[in-house]
Amino acid sequence: MTDFSAAAKLDPREQHFRIPGPREGLSLFLRFLPAAHSGIEPRRTVLYVHGATFPSALSIAHRFDGKSWRDALCEAGFDVWGLDFYGFGHSDRYPEMEQPAVQNPPLCVAQDAAKQLEAAARFILGHQRIEKLSLISHSWGSMPASLFAATHAALVDRLVLFAPIGRRAPRRYETPATFPAWRIVTSEDQWNRFVEDVPAHEPPVLSRLHFEDWSKSYLDSDPESRSRDPSGVKTPLGPFSEIIKAWHGQLAYDPAEVRVPVAIIRGEWDGLMLDDDAQWLFNAFTHAPAKRDIKIARGTHLMHLEAMRPALWRESINFLHGDDVAPIPA
């Protein structure tokens, strides 16, 4: 098994933890950056839940022009953690990833990932001696995050769903495709994702220079990436398979079971979270004590790495500070 123990620190104050996960013999990797001002009480903690193709170091913690979403959260008084699911970043790889992809079903589906998320959350709560934390999830990460929040509402303060995946009506006479255990995702694949939803007449939302810096770190997330031609990162396909299922009427969780405040934050040009998707999802959170649907101009599904990222940071921080839950009458 590849050794992922020597993860580089993205900040001098960053701390790393390797904890047991739900699958025997496989460990999970966590990054932790404490709030910029340590005297804030009570402590407020955020755990980031990544999406389908890249880990937390390349999303909430990646710095463009010297600042990341994580930095903004820390400046606002939050302790910030990032989890890598099995098969991503510095967490252990599934043994099935060493086998031909077609020999196994898709790896890292939401039910499995929610158990990994629970292991991480319970470790964080114990380590920081707090009762609740908030979750920020991206894309497919909204599925395990919402599953966890539905099952363990007492442990969750607030839930931010950035560019989540919603359910679309089942397609008549059509069933979701079947997928292998994993696939290789190249830098060019990622670049295409960054540009495909930006209207042709609009200026870019991500510079090629910024992308090249990000792409180097992306390839670094898999020590074997550059041994492939073309270079690419081996990635579990459970997340992508569940996105396709959601678009055939089979969302991996029931939003009605979530009983914590929820914010949906999305970009104007997000091709994976259309207005109809957002409306359905917003309405489906029938038991959330507070909920928001926030659409930000000139953003795509990857807005956290684009020009409008400061607006995303502000909206998430405003919601996490939380003054929108009415007191229950005595």
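**A guided view of the predicted fold**

The secondary structure of the protein consists of eight helices and ten strands; both are DSSP runs numbered from the N terminus, with at least four residues (H or I) for a helix and at least two (E) for a strand. This is a predicted model, in which local features need pLDDT of at least 70 and side-chain atom pairs count only at pLDDT 80 or more, while totals for chains, interfaces and linings use all residues. Residues are numbered from 1 along each chain as its sequence is written, and side-chain values use heavy atoms, with hydrogens and water left out.

The overall form may be considered next. A compact globule of 330 residues would have a radius of gyration near 20 Å, and the protein agrees with this because its value is 19 Å. This radius is taken over C-alpha atoms, and the globule rule is 2.2 Å times the number of residues to the power 0.38. Along the principal axes, the C-alpha atoms fill a box of roughly 65 × 50 × 45 Å. Of the 330 residues, 57% count as buried; buried means under 20% relative accessible area, exposed over 50%, and partly exposed in between (1.4 Å probe, protein chains only).

The interior contains nonpolar cores, each a set of buried Ala, Val, Leu, Ile, Met, Phe, Trp, Tyr and Cys residues joined through side-chain atoms within 4.5 Å. The largest has 59 residues, of which Leu30, Leu47, Leu135, Trp140, Leu159 and Phe285 touch the most other members. Helix 2 (residues 110-128) gives the largest share of this core, eight residues. A second, separate core of 26 residues includes Val80, Ile136, Leu312 and Leu320.

Among contacts between residues at least 6 apart in sequence, 76% join residues at least 24 apart. Phe285, leaving aside neighbours within four places in sequence, is in contact with residues including Ser146, Leu161, Tyr253 and Lys291.

Two loop residues complete the picture. Ala163 lies in the loop between strand 6 (156-162) and strand 7 (182-186), and it counts as buried because its relative accessibility is 0%. Its C-alpha atom is separated by 7.2 Å from that of Gly267, 104 residues apart along the chain. Pro22 is found in the loop between strand 1 (15-20) and strand 2 (27-33). With a relative accessible area of 41%, Pro22 is partly exposed.

Methods:
Contact means heavy atoms within 4.5 Å.
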